[in-house]
Amino acid sequence: MSGRVARTARVAAVTFAVAAGVLVVTAPPAAAHGVGGVQPRNYLTKLLRITPHVPGLELTVVDLGDNLLLHNRTGREVVVLGYQGEPYLRVGPQGVFENTRSPATYLNRTRIPTTNPPKFADAAAAPVWRKVSSGSTVKWHDHRVHYMGTEDPPQVQQDPSVRHLVDRWTVQLRAGGQTVTASGELVYVPPPSPWPFAAFAVTLAAALVLLSRTRWWRAALAVGLGALVASDLAHVVGVWNATTATTTSRLGESAYSLVGIGLGV
């Protein structure tokens, strides 16, 4: 009986290792899954400065450049300006409000707009505020800070192996009577080479195949499983930290990985 169990375990170890190696070798670098709608991409949104500095006002780039997150602890209202300089969002002691007459309210509902704002959305019209939250924090998608093209820009197409400054962006806010400008850069970051990961996977699979035919097969199986579980756990932690999605959304998007980690353990 013990011999049959040993043979079964060896076959399982070899199958698992070879399958893992094939998956790593054949998967493209950008195929990593996202969480809460966040998808991996080769464009980095960087916030460089906020001028002038306003104590209690904090703006950050979140969700891999998909959104901006504003914390207002100034005790007074702060207004985010839209694409035509119109009041778009308002956050203060009374909560968070959006201007239903601002075109940005409708353009920002999708990452790549496919329809025009409704006719009543007029940047020159007096704001009509609608309350959306009672907090002092607002998160919104802003087309000024991410790459909108369907193809890589010319400089990236000419040499995709190096970093490129694609654009510089600004977003303006009003805090009290002063205009606050957040400025940053959009940078193309070349993807990492898949070959080191492929070489590691093939080496691990080959080592497990060889060790599965020795008396150290149990240790080989434990080490192989441990390495795969650790790498997938690091991947889950990384994508969780890259998004501001709800915990429920994160669990749903990572369900397969979490189940696999549990089975591996």
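Leucine 64 is partly exposed, with a relative accessible area of 39%. In this predicted model, leucine 64 lies in the loop that links E2 and E3, and its phi is near 60°, a positive value in a residue other than glycine. The protein has 265 residues, of which 36% are buried. Its secondary structure amounts to 7 helices and 10 strands.

**The loop between E2 and E3**

- Aspartate 63 is also placed in the loop between E2 and E3.
- The phi of aspartate 63 is near 55°, again positive in a residue that is not glycine.
- Most residues other than glycine have a negative phi, and most peptide bonds are trans.
- Aspartate 63 has a relative accessibility of 5% and therefore counts as buried, the limit being under 20%.
- Leucine 64, at 39%, falls in the partly exposed class.

**The sheet of 3 strands**

- Strands E2, E3 and E8 form an open sheet in the order E2-E3-E8, with antiparallel pairing.
- Strand E2 (57-62) and strand E8 (137-141) are the edge strands; each has a single partner strand, so one side of each has no neighbour in the sheet.
- Neighbouring strands of this sheet are turned against each other by 20° on average, with direction ignored.
- Strand E3 (residues 67-72) pairs with E8 in the antiparallel sense through 5 bridges.
- Histidine 71 has threonine 137, in E8, as its bridge partner.

**The sheet of 7 strands**

- A further open sheet contains 7 strands in the order E1-E10-E9-E4-E5-E6-E7, and its pairing is antiparallel.
- E1 and strand E7 (129-133) stand at the edges with a single partner strand each, so one side of each is left without a neighbour in the sheet.
- The twist from one strand to the next averages 25° in this sheet.
- Strand E9 (residues 164-175) and strand E10 (residues 178-188) run antiparallel and are joined by 11 bridges.
- Arginine 174 stands opposite threonine 179, which belongs to E10.
- Strands of a sheet pair through backbone hydrogen bonds, in either a parallel or an antiparallel sense.

**A cis peptide bond**

- The peptide bond from threonine 51 to proline 52 is cis, and its omega is near -10°.
- Proline 52 is located in the loop between strand E1 (43-51) and E2.

**Helix H5**

- Alanine 227 is part of helix H5 (residues 217-241).
- Alanine 227 counts as partly exposed, at 28% relative accessibility.
- The C-alpha atoms of alanine 227 and leucine 204 are separated by 9.3 Å, and these residues are 23 residues apart along the chain.

**Contacts and surface**

- Of the contacts between residues at least 6 apart in sequence, 62% join residues at least 24 apart.
- The protein exposes about 15,200 Å², and carbon and sulfur atoms supply 61% of this area.

**Confidence**

- The average pLDDT of the protein is 83, and 83% of the residues score at least 70.
- Confidence is highest in strand E4 (residues 78-81), at a mean of 98, and lowest in helix H1 (residues 2-26), at 53.
- Over residues 20-36 the pLDDT stays under 50, and the model has 29 contacts beyond four places in sequence for this stretch.
- Where pLDDT is low, the predicted coordinates should not be read in detail.

Notes: Residues are numbered from 1 along each chain as its sequence is written. This is a predicted model: local features need pLDDT of at least 70, side-chain atom pairs count only at pLDDT 80 or more; totals for chains, interfaces and linings use all residues. Side-chain values use heavy atoms; hydrogens and water are left out. pLDDT is the predictor's confidence in each residue, from 0 to 100. Helices (H or I, at least four residues) and strands (E, at least two) are DSSP runs, numbered from the N terminus. Contact means heavy atoms within 4.5 Å. Two strands pair if DSSP finds at least two bridges between them. Axes are lines fitted to C-alpha atoms, for helices over the stretch in contact, and angles run from 0 to 180 degrees between N-to-C directions. Buried means under 20% relative accessible area, exposed over 50%, partly exposed in between (1.4 Å probe, protein chains only). Accessible areas come from the Shrake-Rupley method with a 1.4 Å probe; for residues, only the protein chains shown count as cover.
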